[in-house]
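The following exercises ask the reader to work through a structure step by step. Please study the sequence and the model before reading each solution.

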Amino acid sequence: MINRVLIRIKVVQLLYSYLLSQNEFRIESQVEHPSRDKKYGYALYLDLLMLVLELSGIDVSNGRRESPLHGLTRIKHINQGQLAKSLNANFEIRDIIVKERATPELFDAIIPSIYEAIPELPAYKSFAKIKAPTLHDEVVLWLSIIENLFAKNQAFMNAARANEDFTMAGFERGIESIKSTLANYGDNRSLLLHARNSLDHSMAKAHELYHSLLLLAVEITREQAERLENAKNKFYPTDEDLHPDMRFVENKYVSELSANEEFRNFIDDRKITWMANDSLISDLLTAVLESNAYREYMEKPGEKTLEEDASLWRTLYKDVIFTSDVLAEALESRSIYWNDDLQEMGTFVLKTIRRMGMLSQGGPKSQPILPMYKDEEDSRFGAELFNNAVKHCDEYKELIEKFVNTSRWDADRLAFMDIVIMITAITEIINYPSIPLAVSLNEYIEIANYYSTPRSGAFINGILYSVTKHLKEEGRLIKA
């Protein structure tokens, strides 16, 4: 019932939120009218950010100088590490490098000795024993490097004094700032867990929306039954009031749905009801009674079949209920996910009504209420896609920028949603060989057309074409 179209949308939405939160890297800004201590502290802080990258084997010179690590054997456990790659991918860090706002070259003379001292640290020896170190593990290591090889290193402090604005208070301030930035970034583990839980929760809410939309027919019918009963008790009831046409109230589709054990159990277990939205049910019923579909249904004489009753409700959902502003407001008030999910879940509601209308003809053979997922593979698809996108985010972002930089687009001014959509698309293209390439491309271009800028679909199509061509040339992609 929750298909891969909806799963892709939700992964993009949650990845967008997660990366946006993660990219709030808490890179400090200089205060207005800084004192000498604050001015130097901030300058040292930027230098330290660059030094962390440089010691991790990332070029921050912007072509200005040769790396002070040139000729040294690289330390494999910190070379091109997760933390450094994440730092380097941060937009603010890239701005510092490009605009040459830091001066790490002041420390070139002592960087080799600091680098060679890293493997002797107890924290490094512990880190090297970890089979699959996490970002948090790297944060712990780098906090130790900063504390022992920068903050407590007299040679480093002497090099820092080359800056004419040096103050001891500013030095201490810069050290604390870099430690705070790295420590806070390590806390992103909780953001990842929250995003994963949110993904699972949004899928469950979509399944709940499906049942809630089906329930609308039951409660609208119940509301009409109450209106007809109340009309009999008027002071001067008419003959029509006393002998109402009960075909709508006794609709065979609604009766079949109400009696469905799987549907009933889900509704009862989760205590789903629209009774708290009395005005919604009343307003929808009024719209139903005023619709052409209802009028034509009631004007046609004779007892209705289950198929005819189901056909009525399919039309009412399509033309009256799903287009209702009052429903949109009610959905928004009940769940932040539901308005975005309405189109997809609405499709499954219509499919369910059609399947239930066919029961009188001996079909469908299976339960007309759709399961949450088609199969076990689909149930894993969202979590696996999200986890792979997070794991390879920096790698795929670099791949995207490789081709953006050779086109007329400015990589620094890309819509963030476009980047997220392309990262998710590349994740699927590389990691799911059974999904045809054309299917993946078309799905994510559609998502871009709906969720991003007017030009995003064409732009993303062009970049993904270049990326997939490149992957094929490298032998990393073999599907057509």
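**Exercise 1. A pair of tyrosines**

Both Tyr42 and Tyr45 are buried, where buried means under 20% relative accessible area, exposed over 50% and partly exposed in between, with a 1.4 Å probe and protein chains only. This is a predicted model, in which local features need pLDDT of at least 70 and side-chain atom pairs count only at pLDDT 80 or more, while totals for chains, interfaces and linings use all residues. Residues are numbered from 1 along each chain as its sequence is written, and side-chain values use heavy atoms, with hydrogens and water left out.

Task: State how Tyr42 and Tyr45 are separated in helix H2.

Solution: Helices are DSSP runs (H or I, at least four residues), numbered from the N terminus. Being three residues apart in helix H2, Tyr42 and Tyr45 are about one helical turn from each other.

**Exercise 2. An aromatic pair across the sequence**

Task: Determine which parts of the chain are tied together by the pair of Tyr40 and Phe166.

Solution: Begin with the total: the structure holds 15 aromatic pairs. Rings of Phe, Tyr and Trp (its six-membered ring) pair if their centres lie within 6.5 Å; planes under 30 degrees apart count as stacked, over 60 as edge-to-face and the rest as tilted. Tyr40 and Phe166 form an edge-to-face pair, with 5.2 Å centre to centre and 65 degrees between the planes. Next, locate the partners: Tyr40 lies in helix H2 (residues 36-55), and Phe166 in the loop between helix H8 (154-160) and helix H9 (168-186), so the pair ties together parts that are 126 residues apart in sequence. Then consider accessibility: Tyr40 counts as buried at 2%, and Phe166 counts as buried at 10%. Finally, Tyr40, Phe107, Phe150, Phe156, Phe166 and Phe171 form one aromatic cluster.

**Exercise 3. The length of a helix**

Task: Check whether the span of helix H7 agrees with its number of residues.

Solution: The expected span of a helix is 1.5 Å times one less than its number of residues. For the 17 residues of helix H7 (residues 135-151), this should give 24 Å; the end C-alpha atoms are 22 Å apart, which agrees. The buried residues of H7 include Leu135, Trp142 and Phe150.

**Exercise 4. The nonpolar cores**

Task: Identify the residues that touch the most other members of the largest nonpolar core.

Solution: A nonpolar core is a set of buried Ala, Val, Leu, Ile, Met, Phe, Trp, Tyr and Cys residues joined through side-chain atoms within 4.5 Å. In the largest, which has 102 residues, those with the most contacts to other members are Leu216, Phe248, Tyr253, Trp274, Trp313 and Tyr317. Helix H10 (residues 188-232) gives the most to this core, with 13 residues. A second, separate core of 52 residues includes Tyr45, Ile118, Tyr124 and Val139.

**Exercise 5. The surroundings of Thr273**

Task: Describe the place and the partners of Thr273.

Solution: Thr273 is in the loop between helix H13 (261-269) and helix H14 (278-289). With a relative accessible area of 30%, Thr273 is partly exposed. Not counting residues up to four places away in sequence, Thr273 touches Leu215, Glu219 and Arg334, where contact means heavy atoms within 4.5 Å. The side chain of Thr273 also makes a polar contact with the side chain of Glu219 (3.4 Å). A polar contact is a pair of N or O atoms within 3.5 Å; within protein, one must be able to donate a hydrogen and the other to accept it, and residues adjacent in sequence count only if both atoms are side-chain atoms.

Key: Helix = DSSP H or I, 4+ residues; strand = E, 2+ residues; numbered from the N terminus.
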